[in-house]
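Have the viewer open as you read.

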Amino acid sequence: MLIRLLWRLLAAVPVVIGVTLIAFLILHLTPGDPVEAILGARATDEARAALAAELGLDRPLPVQYLAWLGRALTGDFGTSIMTRTGVLETIGARLPYTLWLTGSAFAIGLALGIPLGLYAATRQNRPGDHLAMGAAMALYSTADFWLALMLTIVFAIWLRWLPVSGARGWEHLVLPALALGLPQVGAVARLMRAETIAALREDYVLTARAKGLAPGAVLRGHVLRNALVPVVTWAFLALPWLIGGAVVIEQVFAWPGMGQLMYQAILRKDFPVIQALLLFIALLTVLSNILGDLAAAAIDPRIREGLA
Amino acid sequence: MTAAPPLPDAGPAPPSAAALFWRRFRRHRPALFGAAAILLLVAVALAAPLIAPQGFDAQDLSQMRRPPSAEHWFGTDRYGRDLFARVVSGSRIALFVAAVVVAIELALGVTLGLLAGWFGGWTDRAISALVDLVWAFPPLVLALGIVAALGPGLTNAVLAIAVTSWAPFARITRAKVLSLRGRDYVETGIAIGEGHGAILLRYLLPGVLGANLVMSTLTVPAAILKTSALSFLGLGAQPPSPDWGAILNEGREAMRDAWWIAAFPGLALILTEMAFNFLGDGLRDALDPREGG
């Protein structure tokens, strides 16, 4: 099993490198560069040349990319062009905020989505099912940035229960986490319903019923476990996507996470920060896929044997 | 002239695939609701000049930031523009975005998927690697980078969204071609000496259209949502465009004293998303009888 995991990590290396290469090409082959962003349009040619040389931007593109890759492999990601601080420290300072935000959003998505999907599945094609799935579809179809505005208007501006933006305490986390998490409730509920219905049709459920197990016990012992496997795998697969999706929400709430950093870095062509962030998110993607498999194996012994 | 040997009696003809599809789709009530809502949206978009004759940019400085009323159903913004008229006009942009993004996704995804599935070998490996790469970026991040590079604007935003979201089309087309390759009619085509172009266009393309149609419906909500997000961030449609995301951006600035500016374009956005999601669900279930329920 360990060998399999290592193999998957290795297989991800070309994808991770490719992601940084594409980002590099987009940033360098398009107009506008960090030198202009820093010095403004009226700087002298000498000053531009000097800064370009300092940042290493005067060298040929392949040399620049390989130099970056070589340093990155040794853990040196350079300094941010925006803030002139180390890229690793910059990202490190943002990471906890993003983990808090996406973690809470997932907790909301799973905590509400799983019961909602289960409820709908056990009342398949009856009014309760239609109502629950209508609600799930509405949540699933809601733009998180619109939800962010509505939550802010109601809970921060009208009721004054929670702050509009910032990140000084748990009360600052509530609204962004809800804005990011509620649409996930819809996604989780839809998946959970489909998987539960599929599990209810399986032979082992029939067997369990035939031997006289109470419906509740069948649901808990046999159906839930099997239906949860794809949901958990999905959650881990979606984790890095949610970090990318947090770009807009973090911007709305001035939440100092990686999404906001990514947004600022892209607008200012802060090449070292963008490259490092993409590398980081790609690694996180690989890692969460593997964690998803491990979690699925922990729930389902059949998968455990298959992985061994 | 000798008569052809009589065909063995096959009994009543089984219903065609299209008839089966229609029968299943017709029973999917949410999908019918979705289809009806989309038709309504198209009607509103076409009739926008009749529904809101004053247009999306007519200012009335005596009516600034008025709450919803009988006169202004959705209220007015800081230039006294009628929000109902703006939201109605915005439906044209949403549908334009959906059509253009899907057209580009289909053109890129189906072409690359056909080539990868048919030629295999290095062509397949190169295209599949590209698909994996595009897939590896978090959504919006690659599009953000492209828009930042090209400059803000609706056209650039639409392009950025389209060129970063064709990967699922390529994957599904490739998979479909792999399953069609061995079919008799394709083998016959090869046997009678059809060229690669003819095989791809006349034999394989029709076979991959159904799956791509469903995929199109399923990606429309994402296309509209991501373009709105770019406009919301100020990188897509620019003022005075009535793009829903752009109005939401204005609504964000006026959140404290004019909730309606942020509320109504978002509701229009949600209803549109729901309509396409319901329709996509229904099409998928009708094409894939394993699901349903």
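## Where the chains meet

About 3,700 Å² is buried between chain A and chain B, and carbon and sulfur atoms supply 80% of that. Buried area here is the accessible area (1.4 Å probe) that two parts lose on being put together, summed over both. Keep in mind that this is a predicted model: local features need pLDDT of at least 70, side-chain atom pairs count only at pLDDT 80 or more, and totals for chains, interfaces and linings use all residues. Residues are numbered from 1 along each chain as its sequence is written, chains are lettered from A in the order in which they are written, and side-chain values use heavy atoms, with hydrogens and water left out.

On the chain A side, 42 residues are in contact with 39 residues of chain B, where contact means heavy atoms within 4.5 Å. How many salt bridges are there between chain A and chain B? The count is 1, and the partners are A:R190 and B:D281, at 2.9 Å from N to O. A salt bridge is a side-chain nitrogen of Lys or Arg within 4 Å of a carboxyl oxygen of Asp or Glu.

Leaving out residues up to four places away in sequence, B:S228 touches A:F145, B:D243, B:G245 and B:L269.

## Charged pairs

Over all chains, the salt bridge count comes to 14. Some of them are set out here.

| Pair | Closest N and O atoms |
|---|---|
| A:D129 and A:R193 | 2.9 Å |
| B:D77 and B:R81 | 2.8 Å |
| B:D281 and B:R284 | 3.2 Å |

Take A:D129 and A:R193, the salt bridge with its closest N and O atoms 2.9 Å apart. A:D129 belongs to helix 6 (residues 127-140) and A:R193 to helix 8 (residues 170-200) of chain A, so the pair ties together parts 64 residues apart in sequence. A:D129 is buried at 2% relative accessible area, and A:R193 also counts as buried, at 13%. The cut-offs are under 20% relative accessible area for buried, over 50% for exposed and partly exposed in between (1.4 Å probe, protein chains only).

In chain B, B:D77 and B:R81 are both buried. B:D281 and B:R284 share helix 12 (residues 259-287) of chain B and are 3 residues apart, about one turn of the helix. B:D281 is buried at 11% relative accessible area, while B:R284 is partly exposed at 34%. Elsewhere, salt bridges that share partners link B:D57, B:D77, B:R81, B:R86 and B:E250 into one network.

## Chain A as a whole

What's the make-up of chain A in helices and strands? There are 13 helices and 0 strands; helices (H or I, at least four residues) and strands (E, at least two) are DSSP runs, numbered from the N terminus. The C-alpha trace of chain A spans about 85 × 55 × 30 Å along its principal axes. Of its 308 residues, 47% count as buried. Looking at contacts in chain A between residues at least 6 apart in sequence, 73% join residues at least 24 apart.
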